[in-house]
Every structure is written in structure tokens, then in C-alpha cells.
Amino acid sequence: MARQDRWTESSQTETAMTGGSRFLRACLRKPVDRTPVWFLRQAGRYMPEYQAVRREHSLIEICKAPALAAEVTITAAEKLDVDAAIIFADLLLPLEPMGLDFEFQAGEGPRVHHPVRGAADINALRTDRTAELGYVAEAIRRVTAHFGDRMGMIGFCGAPFTLASYMIEGGGSRNYLETKRLMYTDRAAWDALMQKLTTVLADYAAQQVEAGADVIQIFDSWAGALSVADYREFVLPVTESLVRQVQAQGVPVIYFGVDTATLLPSMRETGADVIGLDWRIPLDTGWQAVGAHCAVQGNLDPIALFAPEGLLRARVEEIVRQAGGRPGHIFNVGHGIVPGTPVENVQRVVGWVREICAQMKAEPAAERNQPPFAFASRPV
Ligand code: CP3
């Protein structure tokens, strides 16, 4: 279908399109009236409303109190006027029902008290207590009751590799030494850990879908630490299995990682509907790497939100124009919004994405960036 036709088809559905349907349609590579937008970590520490709740409650308390988690989720999505809300929770929550205690230390990130180091620790991990995470589903129920179809509802979980890295390293890591040591030296233990994580994460995602999540995002934030060969051998098969199990619940999957330029074609093999791109790769090059039959999400540098208005707008415009109006682009940052980000800049970006999409629709087709499915940049 010619680009002109795609825009035309989309404008016919415009009146019926809500933020939620716009977001979901883009995940499925269907035409939309304009590019949907949301932001990784949109509810977090840069937002004064969150800071106010956080002064009264710890992070874990907020996650475990559905009324608070829902409030934080709703406030951020409304304030930014985005097309999707991501449930306020944390990647590490499933560790607790698996039998690992952890805490968030001020300014230092998560700390797992007794990291997993070998087969015996892995044998002891529980997979039968995922129902204890029901507070996340309950928060989703409240958010969907508030928004109805107006807003896309994103549930999320970690990917097996990224969660395993926290379990094994005990926190964030630079070299992933212990994680890779286990992966290389005890294949059976590694596979058992991946299997247990997949069981728990699939259950957890199913609870979220049942509660109303339209889409599940799987965060493989640290997959970029792996070589292509290691990713393919130790991580891809189990991640594919998780993606398929989530899709079997009837929702699309967004699969996200950071520093993944070389991994993108392999990440696509998980079967995910949407691949998250970080900002290191031009959007069109990344899209070409995952293939035109996959949707993409991204990929503004979150630190560009600190740049002067002219430069920030130019970066936003580059991304929207590289996507070129093809169905299947969700505008986002390439990694989470960081503390200190000016909220008004995030709001401006939302407005600009809308403006630029409207401008592009008004341009004669020839002036638009590229013909359908021909990408501006050269392949990787
Ligand atoms: O909009 C949102 O902020 C949504 C909620 C959300 C949190 N964590 C709350 C949180 C989401 C989507 C996450 C995901 C998460 N958690 C990831 C994957 C996303 C990514 O950025 O790659 C990861 C790796 C974690 C683990 C985690 N949680 C770390 C490393 C840290 C400390 C560093 C940091 O990012 O702040 C956290 C703490 C955390 N989780 C905070 C929030 C709002 C900040 C701490 C606080 O409020 O006390």
C-alpha cells in the first residue's frame, strides 16, 4: 500500500481512535492517525507528584499498595498526555516469591541479600508462589477502570537474563562476571534458572493480562552485555519461550534492551511484536535490522531531554521522519527518563510528535522522507 493510502486509511479511522487503540494498533503494525507516544520510566523520580508520594512511602510500599501504584501511574500518564500508561512496579518484585529478599538502598539501587551462586541456590528457588504478586494485577485493574479504552495499558516483567543477572550479581553490575561464569561453567544450573524464571514470569504476565494489560513489555535491559553468540546460545531460546507464552495470553509483546545494535536481528527471533531500540542506533537502521515486519519503539536519547529546545525538537523530528509514517512505530525514549529531567520538556516532546505527524500528513507524498519500506540509512 502506498504511503498516501496508509495515511488516508488512518485518517478515516481518526475519529474512532483513542490513545489506547492508537497504541495497540501501532504494536500490531496497523495504520494509525498519528504516532503513539509514551516514555520508559514516565512515572519515576523526575516527577514532583511521585516525589511527594515517595516522601511518605518506600518504593516497595508504593508497589505493594494498589491504590498508590495506580495513582502514580495515572497521574504521570495524564500529566504527560501520552497514549499509554505503564503500571508502576519494579523489575525485581518476582524475586521475593521466588525466595530472594532484596531492598532498595538510597541512591545505590537494588541489593539482593543472598545472591544465587550455584545449583543448590537455584534448586531452592520457588516457582509456586507467583500469586503473591497479585498486588500488581490489582493496580492494573484500578488503572484500567480509571482510563477505559482512552489509554493503552502496559504491564511488564523482566526477561530471564536480566532478572538472573540481579539474582546472581546481587545488584547492578559492570562486567556480569558471576552471571557469565555460571552460564559458561554450569549449563544445567543455568538452564534450570532460566526455566524457573520463565515459569514465574509467564504466570506473572498472565495475571497482568487477566487484569487488563493490553500489552506486556519484557525488559532485557542488560542483554547488551552479551556477545551475539552467547545471546543466541544461552538466552534466545528461553526468551522466545517466554515471548510465546505471553502472546498465547492474547496480547502483543514489546521486547526491550539497551546497547543491542548487534543483537537486534537475534532479538527479533524471539517472535516479539515490537522491539525497543535505544538511541545509539538511528531508528531506521534499527528498524531495518529487525525487519519491516516487526514494529519498533524508541528511540530518543533520554538525556536529550536536557538539551535546548531547538536541538531537542530536531532530534524528535529526525526520529519521526525516519519512521516515515510506516505503521508500527511507537515514539519513546531509548532508555528510562532519569531523575532531574524537566517535566515540561517531556510534555513538549509529546506535542511535537503530534505536530510533526500532522505536518507530514499534509506534505505531498514526494516530499516525505522515503518510499514505503525503503529506509533512509544504510543497513548495519
Ligand atoms: O514509570 C516508572 O518509573 C515505572 C516504574 C518502574 C520502576 N522500575 C520503578 C522504580 C519500572 C518500569 C521499573 C523497571 C526496572 N527496574 C528496570 C527495567 C527498566 C530499565 O530502566 O531498564 C530495572 C533494571 C529495574 C531495577 C531497578 N529499580 C534499579 C536498577 C533501580 C535503581 C536505579 C533507578 O533506576 O532509579 C530501581 C529503583 C526504582 N524502580 C525507582 C523507581 C521509580 C527509583 C527509586 C525510588 O523511587 O526510590
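Visitor: Which residue stands opposite glycine 109 in β3?
Guide: Glutamine 105 does. Bear in mind that this is a predicted model.

Visitor: OK, and how do β2 and β3 pair, parallel or antiparallel?
Guide: They pair in the antiparallel sense, with four bridges joining residues 102-105 of β2 to residues 109-112 of β3.

Visitor: What sits between β2 and β3?
Guide: Three residues, which makes the two strands a hairpin. Glycine 107 lies in that turn and has a positive phi of about 75 degrees.

Visitor: Switching to the ligand. Which residues come nearest?
Guide: Ala43, Gly44, Leu91, Gly109 and Ser221, out of 21 residues around the ligand. Gly109 is also the residue opposite glutamine 105.

Visitor: How does that shell split by class?
Guide: Ten residues are nonpolar, seven are polar and four are charged.

Visitor: Now histidine 335. Where is its place?
Guide: In the loop between β9 (329-333) and α16 (343-362).

Visitor: Is histidine 335 buried or exposed, and why?
Guide: Histidine 335 is buried, because 23 other C-beta atoms lie within 10 Å, and the cut-off for buried is 20 or more.

Visitor: What does histidine 335 touch?
Guide: Leu40, Val258, Asp278 and Pro302, leaving aside residues up to four places away in sequence.

Technical notes: Residues numbered from 1 in each chain as written. Predicted model: local features only at pLDDT ≥ 70, side-chain atom pairs only at ≥ 80, totals over all residues. Pairing = 2+ DSSP bridges. Near = placed C-beta within 6 Å. Nonpolar A, V, L, I, M, F, W, Y, C, P; charged D, E, K, R; others polar. Buried ≥ 20, exposed ≤ 12 C-beta atoms within 10 Å, placed from the backbone. Contact = placed C-beta atoms within 7 Å.
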